Every structure is written in structure tokens, then in C-alpha cells.
Amino acid sequence: MLILGIESSCDETGVALVDASGGHTPRLLGDALHSQIEMHRAYGGVVPELASRDHIRRVLPLTDAVLAQAGLPLSAVDAVAYTRGPGLAGALLVGSGVACALGFALGKPVIGVHHLEGHLLSPFLSADPPEFPFVALLVSGGHSQLMRVDGVGRYTLLGETIDDAAGEAFDKSAKLLGLGYPGGPALARLALQGDAQAYKFPRPLLHSGDLDFSFAGLKTAVLTQVKRLAHASLDGPATLHLADPLTPQQKADVAASVQAAIVEVLVKKSMAAVRQTGLRRLVVAGGVGANTLLREQLGAACAKAGIRVHYPELHLCTDNGAMIALAGGMRVQAGLVSLDLAAGADGNGYSFDVKPRWPLSELGPAVPVGAS
Ligand code: KG4
Ligand code: ZN
């Protein structure tokens, strides 16, 4: 069963082809991505209308590239999966429109996929796939959640951020330091030169006893620290950016200290979730899962506690089409989605909608198709 996956929820156009036949572990046959980072960089963040227009330009050439990689014609595709939400409405509409048009032209079914489910299942494409059940730490630009995952579509929310996401904390701190967009990787790079003990930033909700996160206060603490350092050297020339008066070492120290604060909270809460559920596996997914310090510290904590930790391949941590094709394929394998054409796209023919806001908890527990 060959599933073509299309991701267009934000600033990456991703297309991929996954073989999800029978009981096999799904296999990636082709994968192509266009990142809009360069286009949005000039604006310091994603401009939704530009994102939508660029998805339109990229999605079909990327589809051709994926099929060429796999050495297969479009007619070999058995179903088209696309990101139905959450994300930017206009950007989502491009992927869903193209997916439904392709499905209609091919006479094949179309599957609307939840973006976070894609992230959550992405480690199943790695060389060391997890087994259910597991705890998942889902840390992206828009979400920070701990979930209990008992199977495809069987997700229980254990805790989540009450304000900013972990990725947002990276991005906003990076912006305060005058680093470009996207901030997470830039801040992590700068942190390599810094001293993580230099500044003591808060570890919000670390001892709250629950599994929720809060990262908004961290941004304020970084702002206060950057202002303090900038004022201390205000006898210099007038500057354009708040962080300009800081020495490169001060900037690196702030970066290392804030990264340490975010990572410590993520690691401690993940380990608490593992303890509370009694599960022995942890899956880390979403863009922040690419962070090296997070991987090192979670790896060490899990090794100590005898917990197996699984990550997606590094290139599948951030948004991509492979995870969408995979999630579509695994939903079919689990009997949650029918490939029966009469059911069409999500049971309503090839008419499509998108869900810019869509809590993952609304997905499950789903009733398998055919069950009563
Ligand atoms: O999952 P993702 O690609 O998109 C969303 O669905 O949001 O995550 C993007 C987020 C951004 O906030 C980005 O700064 C962060 O992931 N990120 C990182 C790293 N790579 C990406 N944060 C910290 N360290 C990284 N190496
Ligand atoms: Zn994402």
C-alpha cells in the first residue's frame, strides 16, 4: 500500500511516498522538502500569505521529485494523505486542495492527517522504531505536550504548556538576542560557545507536581537579563537592537543558560511522566527534538532509569511529508481509516476542509472502521 503524503501546515512544503503494506514496518520510498526559511527570514517570522503562495509553487514539482526518487508513476499511489490541521489556514488549504485533486484524478482515497500525530509516529520510520505503549514528548514551535500513546489513535494527554511552547521559548529568546529566524537552531549553535551556569533562569513549574509546562516567564527573564547587560555597557554608541551592546561571550552565555533551563524542564517532566505511567519507553518528537543538549540529557536520564528513548531520524524531526504519509498509512493499517472509495475523503467525498485549531485529544479513542 503506497501512501503519498503532503505537508503544508506552516513554512515547509513536504512530500513523501511511504510503503505501508500489510504488517510490515512502513518504509520511506521517496522524500522531498522545500523549506521557506530563506523567504521568511527578511520578516523575522512566517508571513502566512507568502507561505500559502509558496506551497502552491512547490507542491507539484516536489511530488514529481518524490515519484522520480521512488521510480514509480503517480498511478502507483494507493492513497493520498495530507495535513488537515493544526496550522495556518491558507497553507493547509493548499495541501488539502492538491491532495483531494490528486485523489479525485487518480480515483484513490484521500486521508486527512493530524500534524501532531505525524510528529508522534515519525520515529516509526527510524532504524530503531518504538513499540506501543510509550510516553511521547511532543515539542514543536506551537506545542509542548506529554502524551501517553497506547496505539495508533489512542492518545491520552498527560500534560501540556499553559502558555508558550518550548519551540516558542527558543525562538523568542533567540529574537531577544538578535539571532535570526528560526531561532531554535541558531540559539543552540550559539549556546555551544557559552557557559550554561552564567545566568540562573527560572525553571517554570518544575516542582508543580503535574506534567504541565510554562515557558512564557522565561522570555521575560531573558529580556530582563539582556536589558541589564545592555544598560551596563550603555556608554557605547547608539544601537539598533537591544542585544547589540552585549559582547559575543555574554550573548553566548545567555543562550547557553536559557537552553539549559528549557532542557532541564523538558527532561525532568518527561522522566516524571515515565514514572507516573510506569511505561518503559519514551518517544521524543517535533522540531525541538532535534536539539542536541535535549538528546544528550534525556539520553543520560533514560539510561540511568532503564528507559528506552526513541527519536525520529534527525531530518524527520522538523516538518516533513514522510510523517504525514506514515501517519496516514498507520491509520489505515490500524483500521481507523477505510480505503473504501465510497467513504471518500474523510467520509464526505472529495470535498475538503482544514482544521487550523485541532486538539490531538479530539482524534481518539477512535472506533475502527467496521467495528460497531
Ligand atoms: O515541529 P516543527 O518543525 O514545526 C512545528 O510544527 O511547530 O518545530 C519547529 C520548532 C521551532 O520553534 C524551532 O526553533 C525549533 O522547532 N527547533 C529547535 C531546533 N531545531 C528546530 N529548537 C531547539 N534546538 C534545535 N536544534
Ligand atoms: Zn510540526
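User: Taking buried area as the accessible area (1.4 Å probe) that two parts lose on being put together, summed over both, how much do domain 1 and domain 2 bury between them?

Analyst: About 1500 Å², with 74% of it on carbon and sulfur atoms. The model is predicted, so local features require pLDDT of at least 70 and side-chain atom pairs pLDDT 80 or more, whereas totals for chains, interfaces and linings use all residues. Residues are numbered from 1 along each chain as written, chains are lettered from A and ligands numbered from 1 in written order, and side-chain values use heavy atoms, without hydrogens or water.

User: Where are the bounds of the two domains?

Analyst: Domain 1 covers 2-122 + 318-362 and domain 2 covers 131-311; the bounds come from an automatic or database domain assignment. Their centres, taken over C-alpha atoms, are 28 Å apart. Domain 1 supplies 20 residues to the contact and domain 2 supplies 18, contact meaning heavy atoms within 4.5 Å.

User: Turning to the metal, which residues coordinate the zinc ion (ligand 2)?

Analyst: His115 (NE2), His119 (NE2) and Asp319 (OD) do so, at 2.0 to 2.1 Å. Donors are N, O and S atoms within 2.8 Å of the metal (3.2 Å for Na, K and Ca); water is not among the atoms, so sites may look incomplete.

User: And how are those donors spaced in sequence?

Analyst: The pattern is H-x3-H-x199-D. Histidine 119 belongs to helix H4 (residues 115-121), while aspartate 319, 200 residues away, lies in the loop between strand S10 (308-310) and helix H10 (322-333). Helices (H or I, at least four residues) and strands (E, at least two) are DSSP runs numbered from the N terminus.

User: Are histidine 119 and aspartate 319 buried or exposed?

Analyst: Both are buried. Buried means under 20% relative accessible area, exposed over 50%, and partly exposed in between (1.4 Å probe, protein chains only).

User: How many aromatic pairs are there?

Analyst: Six. Rings of Phe, Tyr and Trp (its six-membered ring) pair if their centres lie within 6.5 Å; planes under 30 degrees apart are stacked, over 60 edge-to-face, and the rest tilted.

User: Which cluster do ring pairs make?

Analyst: Phe124, Phe132 and Phe134 are linked into a cluster.
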